[in-house]
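Me: I would like to go through this structure by question and reply. Please work from single residues to the whole chain.

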Amino acid sequence: MSDQEWIFKIVHAFYEKARHDVLISYHFRHIKNFDEHIPRIAAFWEIQLLGGTNRVLTSPFDMFKVHDPLLIKRGELGRWLVLFRGILENDQDNKILNEKWKEKLTFFEGIFLRHFSF
């Protein structure tokens, strides 16, 4: 499995879990077509983990513009991280990228905590 395929698999597994989670699923209800959303999120993580993506991007990533209207609460961010880290813990098919991904999650956690100033 290529790195890109593995990243897509992890992103897909996370959203399958998150979309049904009792705490955070309501944030995903406004996304009309997850079949279109998942590749965009996979592209974001490819850029973070591999330094680039071969996927066609129709618009730049602006994490705060997308997430600000959601009014994410601190506990919801924590739940997102628990679910994502759980997916990574249960999948060791790519140990090097797995560890790098965990580091990126911690990095983005800090950014979100500072931006949203919970």
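Me: In this predicted model, is Arg79 buried, partly exposed or exposed?
Reply: Arg79 sits in helix 4. Its relative accessibility is 28%, and a residue counts as buried under 20% and as exposed over 50%. Arg79 falls between these limits and therefore counts as partly exposed.

Me: Which residues does Arg79 touch, leaving out those up to four places away in sequence?
Reply: Contact here means heavy atoms within 4.5 Å. With residues up to four places away not counted, the partners of Arg79 are Asp21, Leu23 and Ile24.

Me: How many Å separate the C-alpha atoms of Arg79 and Ala18?
Reply: Arg79 and Ala18 are 61 residues apart along the chain.

Me: Is Asn98 buried or exposed?
Reply: Asn98 is part of helix 5. Apart from neighbours within four places in sequence, Asn98 contacts Trp6, Leu88, Asp91 and Gln92. Its relative accessibility is 0%, and because the limit for burial is under 20%, Asn98 counts as buried.

Me: Where is Leu71, and is this residue buried or exposed?
Reply: Leu71 lies in the loop between helix 3 (63–67) and helix 4. Phi of Leu71 is near 50 degrees, which is a positive value in a residue other than glycine. With 64% relative accessibility, Leu71 is classed as exposed.

Me: Which elements give two or more residues to the largest nonpolar core?
Reply: The largest nonpolar core holds 32 residues, and those with the most contacts inside it are Ile7, Val11, Tyr15, Trp45, Phe84 and Trp101. Two or more residues each come from helix 1 (3–18), helix 2 (34–50), helix 4 (74–89) and helix 5 (95–116). In soluble globular proteins, nonpolar side chains tend to be buried together. The elements asked for are helix 1, helix 2, helix 4 and helix 5.

Me: Which residues does Trp101 touch, not counting those up to four places away in sequence?
Reply: Trp101 is among the residues with the most contacts inside the largest nonpolar core. Outside four places in sequence, its contacts are Trp6, Ile7, Ile10, Val11, Trp45, Leu49, Phe84 and Leu88.

Me: What is the radius of gyration of the protein chain?
Reply: The protein chain has five helices and zero strands. Its C-alpha trace spans about 35 × 30 × 25 Å along the principal axes. A compact globule of 118 residues would have a radius of gyration near 13 Å, and the value for the protein chain agrees with this, at 14 Å.

Me: How far apart are the centres of the positive and negative side chains?
Reply: The protein chain carries 17 positive and 16 negative side chains. The centres of these two sets are separated by 5 Å.

Terms used: Residues numbered from 1 in each chain as written. Predicted model: local features only at pLDDT ≥ 70, side-chain atom pairs only at ≥ 80, totals over all residues. Heavy atoms only, no water. Helix = DSSP H or I, 4+ residues; strand = E, 2+ residues; numbered from the N terminus. Rg over C-alpha atoms; globule rule 2.2 N^0.38 Å. Lys, Arg positive; Asp, Glu negative; His and termini not counted. Charge placed at Lys NZ, Arg CZ, Asp CG, Glu CD. Core = buried A, V, L, I, M, F, W, Y, C linked by side-chain atoms within 4.5 Å. Buried < 20%, exposed > 50% of the residue type's maximum accessible area, 1.4 Å probe, protein only.
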